[in-house]
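Colleague: I've got this one up on my screen. Walk me through a few spots, please.

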Amino acid sequence: MEKKEFKAESKRLLDLMIHSIYTHKEIFLRELISNASDACDKLCYRALTDSAVGMERKDFQIRLAIDADKRLLTVSDNGIGMNRDDLEDNLGMIASSGSFRFKQELGDDAKDTDVIGQFGVGFYSAFMVSDHITVITRKYGEDAAWKWESDGSEGYTIEEASRDAAGTDIILHIKPDTDEENYGEFLQSWKVQSLVRKYSDYIRFPIRMEVSKTRKKEGSTDENPEYETYQEEDTLNSMVPLWQRSKSEVTEDEYGKFYRDKFHDYGEPLRVITVSVEGAVTYKALLFVPSAAPYDFYTKDYQAGLQLYSSGVLIMDKCADLLPEYFRFVRGVVDSPDLSLNISRELLQHDRQLKVIGANLEKKVKSDLLKLREEDREKYETFWKQFGRQIKYGLVSDYGAHKETLQDLLMFYSSTEKKPVTLAEYADRMPGEQKYVYYAAGETPEKVDRLPQTELLKDRGTEILYFTEEVDEFCAQTLRAYREKEFRSVLDQELEEGDSEKAKETAEAHKATFDFVKEALGDKVKEVKASARLKSHPVCLTAEGLSFEMEKYFHAVQPDIGVQAGRVLELNVEHPVFASLEKAVSDDPEKAKKYASLLYSQALLIAGLPLDDPSGYTDLVCGLMK
Ligand code: ADP
Ligand code: MG
């Protein structure tokens, strides 16, 4: 048997790789700067043990230069450099990474460096924007310098060259512009500056470039100012990845400024969450909960996602896969040296490391929100006002798959506490014999509070949760129960077991009246019942099938769908009005019909439902008053 190596057509392979790995051409600059940073890091590491290097961290830098006339863009560094063999091995072979080998040789010590490269393909991304690349490089400790040249298709050449000191210049000849592509923008100073800030802001060595600035001409007066442009070297990157520093070293102001600058918010973050994990996947994250929902938060326009970095180099601006939909309000950055730079959006979705990070972050955000509630209830209430709805949407989505995660975060307004409370607090306060978690739905706490159906329970001191958002009742349906106590609608369901039985008996005792009212109202109501939930009010309307709040909701989102909750009229037989009704039924049926209609209209009004015939109703009232 003879074993053979695969042969590859390098030109085709290079083409394939360049065009399939990268979605955006502009990342070539990020790749070259990352390589330059790696080269500096390597020599810097060497300097720790070799005093002959004679350089410190602060002496290293990356320099960019533009020569627009010659269409040249140069990335230079004073790092470790390459000799002839290195050039052959690293730039002459696709998918060969000197940086990866460097880290392997260092073993455990590698964590003291910030070396980024690992796949050996980043360099070639420069061929996306250039038709010719020249590399001039001199390895530290050697006298010879080398020039490597390639146009990306027909191989490369290496010849001797000269360079004053160790380091590397990567000189790109930028492609001519075409109808579709404006390669020339990579020769524009502002574009290069903005790319550095976007992708390479946290490279730990200064990235410097001559930029033009304007100043007032010397001798020109304040009344008559004259300006001139001049060239000055500037550092383009900010270099300090705040998330690499521990929380105790960073002031609240620094976090606030970072947050505002990076995420273009005016307000302070409500909460800062820092995460640092070492293990199967190593990463750091700096997350923010905004203090107010962005104006478009509850619309399709809002773009969720965290910024994803690999060792300080931006991979993706809005990585939505890192947090579940219900935590989409969280902003921030995640930085992991384990992630590869050369990864596409499509691949990221399936990235195992990303999944691990995502799962950890979800837990972390949840536990931090719970901690916030413990430490600063008022702040949590602010948070809840802004983003609670999103959490509730999360709870009812995916058939309730996330209810275990999210139910602890919920808050609802309480009838007894007069403020939002958690389900745990409700359950803790609940007397042992209470069987249900009671709720009542309506527009505002004030309106719910005035509903006749809540009176009896309130009188008994039973706590009721007021559901004032459309999604609230869906939450109750999804949860079904909390600590094995079922949710019960005070408005529509039996308050206590046996209530219906008792109501039936009561109605039986006043059969003639109940039959009469049902007959008088006809199809308008499904049923007329004796009530077990009223106290000082004579009448109320309860819903069957779905609740009135849900009916209103569906009606608002889809008016023509015509869903209606079944209407059940409940009468309070203890009320003096009932006695009048009963008397009229036997003495004056015409009047009794009017009473029935009147009571039904009142019940509609209290439920916040429109009257079928408002002027008929006023006629009725006036007729009875006359
Ligand atoms: P990676 O960075 O993932 O290793 P690249 O294709 O970007 O892959 O680079 C390949 C290799 O070329 C690097 O690992 C490094 O050994 C070498 N290299 C590239 N640029 C430089 C540079 N500016 N100075 C020194 N070595 C470099
Ligand atoms: Mg690289």
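Modeller: First, the naming: helices (H or I, at least four residues) and strands (E, at least two) are DSSP runs, numbered from the N terminus. Residues count from 1 along each chain as its sequence is written, and chains are lettered from A and ligands numbered from 1 in written order. It's a predicted model, with local features needing pLDDT of at least 70, side-chain atom pairs counting only at pLDDT 80 or more, and totals for chains, interfaces and linings using all residues, while side-chain values use heavy atoms, without hydrogens or water.

Colleague: Where does Ser 311 sit?
Modeller: Its phi is worth a look: Ser 311 isn't a glycine, yet the angle is positive, near 45°. As for its place, Ser 311 is in the loop between strand 11 (306-310) and strand 12 (313-319).

Colleague: And what is the phi of Asp 398?
Modeller: Asp 398 lies in the loop between helix 9 (377-396) and helix 10 (403-406). Asp 398 is another residue other than glycine with a positive phi, near 50°.

Colleague: Which residues of helix 2 and helix 5 make their contact?
Modeller: Helix 2 (residues 27-49) packs on helix 5 (residues 189-199) at about 65°, with the axes 9 Å apart (lines fitted to C-alpha atoms over the stretch in contact, angles running from 0 to 180 degrees between N-to-C directions). The pair is therefore roughly perpendicular (65 to 115 degrees; under 35 is roughly parallel, over 145 roughly antiparallel, the rest oblique). Contact (heavy atoms within 4.5 Å) comes from Ile 27, Leu 29, Arg 30 and Ile 33 of helix 2 and from Val 192, Leu 195, Val 196 and Tyr 199 of helix 5.

Colleague: How many charged residues are in the contact of helix 14 with helix 17?
Modeller: Helix 14 (residues 470-479) and helix 17 (residues 548-557) pack at about 125°, axes 9 Å apart, which makes them oblique. Glu 470, Glu 473, Phe 474 and Gln 477 of helix 14 meet Glu 549, Met 550, Tyr 553 and Phe 554 of helix 17. By class (Ala, Val, Leu, Ile, Met, Phe, Trp, Tyr, Cys and Pro nonpolar; Asp, Glu, Lys and Arg charged; others, Gly among them, polar), the contact has four nonpolar, one polar and, for the charged ones, three.
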